[in-house]
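Okay, thanks for coming, everyone. Let me put it up.

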Protein chains: 2
Amino acid sequence: MNDKKLIGIDLGGTTTKFAIMTEQGDVQQRWSIDTDIMDEGSHIIPNIVDSINHHLQIFDMEPKDFIGIGMGSPGSVDIDAGTVTGAFNLNWKGTVYPKRDIEAGTGIPFAIDNDANVAALGERWKGAGDNAQDVVFITLGTGVGGGIIMNGELLHGVAGSAGEIGHVTVQPQGGYLCTCGKHGCLETVASATGVVRVARDMAEQYAGDSKLKKMLDDGDEISSKIVFDLAAEGDPLAVKVMDRVMYYLGLAVANVSNTLNPKYVIIGGGVSNAGKTLLDQTTNYFKQFTFPNVKNTTTVRLATLGNEAGVIGAASLALQYNN
Amino acid sequence: MNDKKLIGIDLGGTTTKFAIMTEQGDVQQRWSIDTDIMDEGSHIIPNIVDSINHHLQIFDMEPKDFIGIGMGSPGSVDIDAGTVTGAFNLNWKGTVYPKRDIEAGTGIPFAIDNDANVAALGERWKGAGDNAQDVVFITLGTGVGGGIIMNGELLHGVAGSAGEIGHVTVQPQGGYLCTCGKHGCLETVASATGVVRVARDMAEQYAGDSKLKKMLDDGDEISSKIVFDLAAEGDPLAVKVMDRVMYYLGLAVANVSNTLNPKYVIIGGGVSNAGKTLLDQTTNYFKQFTFPNVKNTTTVRLATLGNEAGVIGAASLALQYNN
């Protein structure tokens, strides 16, 4: 028999998503529950266990029907121990033991990795990555995260920080202070809040006519989406802001590519909804900052799975139990 | 029996080095021959075959005593096909077939990779890398090259350019033109010629008292060694030049580390002979440009094997035949 299934879990600060998938990566069932972060997040793992067991009953399935469960989590993940530390948006203060507790609660083998790595696996497997051996994934959201797959394997590095492309220094002098404590990180300019920060700063020195300038002067709430939408409409300040963000993003993507020569660099996350314009501008700077063999063989792409990447990639973590 | 041997070959533009090693990495025999690049380099492979067969006779050994031969080569290496293209310093104009020809000539399995990757393997195995799973090697010589080992495996990328850290863009605006056709590559400032170029440019705008300035004004021949030696003596211009070079090197090392979080970044090549000063200054900038988890877990080190790294790492390529 070769039709055992995988379970993928994407654990987020507001919602926990689940999927039952085939080994080939076809989604057969999907559901989600609210993430209950009350009481220091102590309900999160029991709720996950209950939800899995409940759905197995509904679908008339048993633990032996599954190869394993994979989960993507915020925080600092120890993949060998199966623990999570410092996931502040889950209200988890100390170290939590998802592997121990979910295996005990479901009777199914369990694997875990951080959310950006798991999304990278998903995009590589079923999204823009065409299942290539060498894929870099960058997600532009509230923060900027990433995951790197080389020789078909996820990279973690000596202390789990491989793929933290959001903290590549793109502005070595005069860069903004990042939440990490360092200056000039990609995240300070290319995250959702980073784009707004760049817009505010450039608006101060901008004297021409601009709807974006007027909104900022009026104290209107703006977002990266508003900035990019205005850029698409030709607003001259918004065009400049977007160009500056794409310059730093293109530089970072280029240097990751000069270092790794992946087949694809995939850009996802909410900020990447700017779509083709973002892809074209990033690619232009990417080409300016890559040397010929990389320029000719590495391709920048937009993610295609959206929010699904996490749950699909998480399920693929469980494939390691398939012997 | 578990005492089969490895042969390592480091093919360079002037000398070809050989070593017979144990599987554990102990060097048992070493010799070298001149690399005869006459007649479009057509003697190189036959000379290697003859030299191996001759030494096997001297040492009273047979092909069956060996697990395999590994070789590091300049040029663009196709590791699967075992071919080399565009190795201009060997006078090889087209594609050459070392694997086919050396296996036929010696009866021993043969593997090949490019010289920087092979040196990375050597430093990781028997040098500063402590055989760690995640090691980045950067060599500062006539050019700047590199090799990356993650999860214990060499990375090549989709078209063999992984590890080309010399072409990371460190000066996105106003950088020097590189031989690769792009501007602002690390190689343009941190190679032996790059250091001299930085010195010449900074001397033009330097008005103070400096032996380096005087040497350049007098038209004396200078080298990266002279610049770094003068910096060690406290020559004020040379100190500034070295600081600028270390700034760019530290930035590149930091961003490779922010991306990969290796256990070690090892710096080798002739320019790295500046030793502890170079290491300290690079580490300072590395710390400025890395985020906390990488700063605390990735360490910059100097290479320890010198010219031996190539032949030792080459021998390790042959371990893949050990089944």
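**Where the chains meet**

So, between chain A and chain B there are 24 residue pairs in polar contact, both residues at pLDDT 80 or more. By polar contact I mean a pair of N or O atoms within 3.5 Å; within protein, one must be able to donate a hydrogen and the other to accept it, and residues adjacent in sequence count only if both atoms are side-chain atoms.

Quick housekeeping: this is a predicted model, where local features need pLDDT of at least 70, side-chain atom pairs count only at pLDDT 80 or more, and totals for chains, interfaces and linings use all residues. Residues are numbered from 1 along each chain as its sequence is written, chains are lettered from A and ligands numbered from 1 in the order in which they are written, and side-chain values use heavy atoms, with hydrogens and water left out.

And how many salt bridges between chain A and chain B? The count is 0, taking a side-chain nitrogen of Lys or Arg within 4 Å of a carboxyl oxygen of Asp or Glu.

Which element gives the most to the side of chain A that touches chain B? That's α9(A), with 7 residues. Helices here are DSSP runs of H or I, at least four residues, and strands are runs of E, at least two, numbered from the N terminus.

In contact terms (heavy atoms within 4.5 Å), chain A puts in 41 residues and chain B puts in 41 residues.

**On to the rings**

Over all chains, we get 12 aromatic pairs. The rule takes rings of Phe, Tyr and Trp (its six-membered ring) with centres within 6.5 Å; planes under 30 degrees apart are stacked, over 60 edge-to-face, and the rest tilted.

Take Tyr247(A) and Tyr285(A): their ring centres are 5.3 Å apart and the planes sit at 85°, so that's edge-to-face. Tyr247(A) is in helix α9 (residues 236-260) and Tyr285(A) in helix α10 (residues 275-289), both of chain A, so the pair ties together parts 38 residues apart in sequence. Buried or exposed? Tyr247(A) and Tyr285(A) are both buried, meaning under 20% relative accessible area, with exposed over 50% and partly exposed in between (1.4 Å probe, protein chains only).

Over in chain B, Tyr247(B) and Tyr285(B) also pair edge-to-face, at 5.3 Å centre to centre and 85° between the planes. Tyr247(B) and Tyr285(B) are buried too.

Back in chain A, Tyr247(A), Tyr248(A), Tyr285(A) and Phe289(A) make up one aromatic cluster.
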